[in-house]
Amino acid sequence: ASAWPAARPDPEAERITSDETRALPRPTNASQRPPSTYERPALEGDEQPGTENAEADRPSPSDRPARWRAAQQRPPQGAEAELRTRFTGGDVESGLTLGQRLLDEGRAREAVAPLLRVVRSEPWRAEAIRALQRASEASRSVAIASVCATLRSLFDRREAAPEPLRLRAWSDFVGSPRKLISPAPSPWLEALGVLWEGGSTLFQRSLDDLGLGSATPVSLSDQRPSAQVLATASSLLGTEHVGLRVLGQGAGIEVVPTEPPVVVFAVAEERERSDLLAFRLGRAFELARAPHVLLATQAPDTLETLLAALDVAFGRPIGSVPREVGARASELWSALPPKAQMRLRALLAEAPPVPSLEALTKEVAEAGARAGFLLEGSLLRGLQALAFDDPNLDRRALASEEGYAATLRQHAPFRALVRAALSDAHLAARAPLLRASIAPRAH
C-alpha cells in the first residue's frame with residue numbers, strides 16, 4: 001500500500017492561492033528585505049564580504065564597462081518603469097516581459113530576479129523557465145540554471161537532465177525545517193493532531209490486525225540505507241517518535257496508526273529502488289506526524305464525520321447536527337482528557353469554518369512532498385519518487401509543454417516540490433556544490 005492515497009484532482013488548479021507561495025522562505029531581517037524598485041538585487045553567485053567566490057574569472061565591478069555600472073544606478077525609464085510597476089502590482093505577464101526585455105538588452109543578471117519570481121509563481125510556464133535558464137546561465141547562477149534544466153528536461157527532449165546530485169546538507173540553510181515544510185498549517189490540522197495525541201485509542205490499529213505482525217524494527221545502528229534515512233528524519237522532521245519497520249515480503253510503504261505511529265516498508269523497496277528511498281520514507285514520516293496521521297490512515301467518510309464532530313464538540317457549529325455526528329462528538333468528549341479539550345476549544349474558537357477534506361488532504365500532501373525533498377535534495381529523484389507512489393502523476397504526460405503545464409496545475413504535491421527546489425534555501429545550498437563539481441581541478 002502507498003503511504004498516501006492518490007492525489008485527487010485539485011479543484012483550485014486554475015486559481016493557485018497565495019498559501020502555496022508562503023511555502024517559500026521569506027526575508028527575516030533588514031539586510032534580506034526585497035530591494036526597492038531601482039536597486040539590483042543580490043543574486044546567487046555575487047561576491048559576499050568575507051567569503052571566497054569560486055568563480056574567480058568573473059570581472060570585478062571596477063573592470064566592468066562604465067556604461068554597465070551607470071545602468072545599475074539610474075532608475076528605469078519609460079516602458080521598463082511601467083513594466084516594473086505593473087509587475088509589482090501582481091501582473092505576472094509584465095514580469096515575464098520585463099525579464100525577457102532585460103535579457104535581450106544583455107542585462108542577464110538583472111533579468112534573473114523578475115524571471116525567478118515569475119517561475120516561482122507560475123512554474124508551469126515553459127517560456128519563463130527557458131528565459132530564466134538563459135539569464136541564470138549568462139550570469140553564472142548555477143543553481144537556478146540547474147533547476148531550470150531539470151524542469152526543461154521533463155518537457156523538452158533537447159534538454160538533458162543534469163546529474164541528480166544529492167544534497168543532504170541544504171537543510172543547514174533552513175532556519176526552521178518545520179516552517180519550510182508546513183509554513184502556515186491549518187488550525188484544523190493542529191486540532192487533528194491534538195485529537196490523535198489525546199485520543200489515539202479511538203483510531204489506533206495493531207500491526208497484527210493489518211497482517212503486518214512479522215515486520216521487524218529498523219534501528220538507528222543498523223547498517224542499511226533505511227536506518228540512515230531514519231536518523232536524518234528524526235533530526236530534521238522532528239519524527240523521532242515515529243517507528244520504522246521492514247517487511248520481508250510484499251511491496252510498498254505504509255503509514256500505520258499504531259501508538260506511536262509506525263512506517264512499514266517492504267524490503268524490496270530498499271533493495272530494488274534504494275535511489276528513491278530517502279524521498280519516499282521522508283514523505284511517509286511526515287504523514288505519520290500527529291497532525292497528519294489521521295488524514296493519512298482513515299477513510300474519507302470517517303474523516304468527514306470526524307471534522308464535523310470536532311466542530312460540534314469544541315468549535316462553533318451552525319445549524320442542525322446529524323445523529324452520526326452528534327454521537328461522534330459525544331464520544332470525543334468522553335475519550336479526551338481535560339487538557340486536550342481545553343486545547344481544542346482554544347484552537348477552534350478562532351478557527352475558520354470547517355475546511356473541505358480536499359483542502360486538508362492537499363495541504364498534507366504538499367507537506368509530505370516538501371519533507372521528502374528536504375531529505376532527498378535532488379529535484380529529479382524527488383519527482384521520480386513522487387511519480388512512483390502516485391498513479392495520478394504520469395511522467396509520460398510531462399513530455400510536452402502542454403502536458404507539463406496541465407500536470408503541474410492539477411497536481412499540488414508536484415507544485416510544492418518544484419517551488420521547494422526554487423526556494424532561497426535550496427538555491428543557496430545547491431550553488432556551492434555545483435560550483436565545486438565544475439571548478440577546474442589543480443594538476
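This is a predicted model: local features need pLDDT of at least 70, side-chain atom pairs count only at pLDDT 80 or more; totals for chains, interfaces and linings use all residues.

First, my cut-offs for accessibility: buried means under 20% relative accessible area, exposed over 50%, and partly exposed in between (1.4 Å probe, protein chains only).

I number residues from 1 along each chain as its sequence is written, and side-chain values use heavy atoms, with hydrogens and water left out.

Entry 1. I count a salt bridge when a side-chain nitrogen of Lys or Arg sits within 4 Å of a carboxyl oxygen of Asp or Glu. The structure holds 29 of them.

Entry 2. Back to R396: its salt bridge goes to D394, with the closest N and O atoms 3.2 Å apart. I note D394 as partly exposed, at 28%.

Entry 3. I looked up R328 and found a salt bridge to E331, 2.5 Å between the closest N and O atoms. The two are three residues apart in helix α15 (residues 323-335), so about one helical turn separates them. R328 is buried at 16%, while E331 is partly exposed at 33%.

Entry 4. What does the side chain of E80 meet in a salt bridge? The partner is R107, at 3.1 Å, N to O. E80 lies in helix α3 (residues 78-88) and R107 in the loop between α4 (92-104) and α5 (108-121), so the pair ties together parts 27 residues apart in sequence. Helices here are DSSP runs (H or I, at least four residues), numbered from the N terminus. I get E80 as buried at 7%, and R107 as buried at 16%.

Entry 5. E80 and R107 also belong to a network of salt bridges that links them with R84, R101, E105 and E110.
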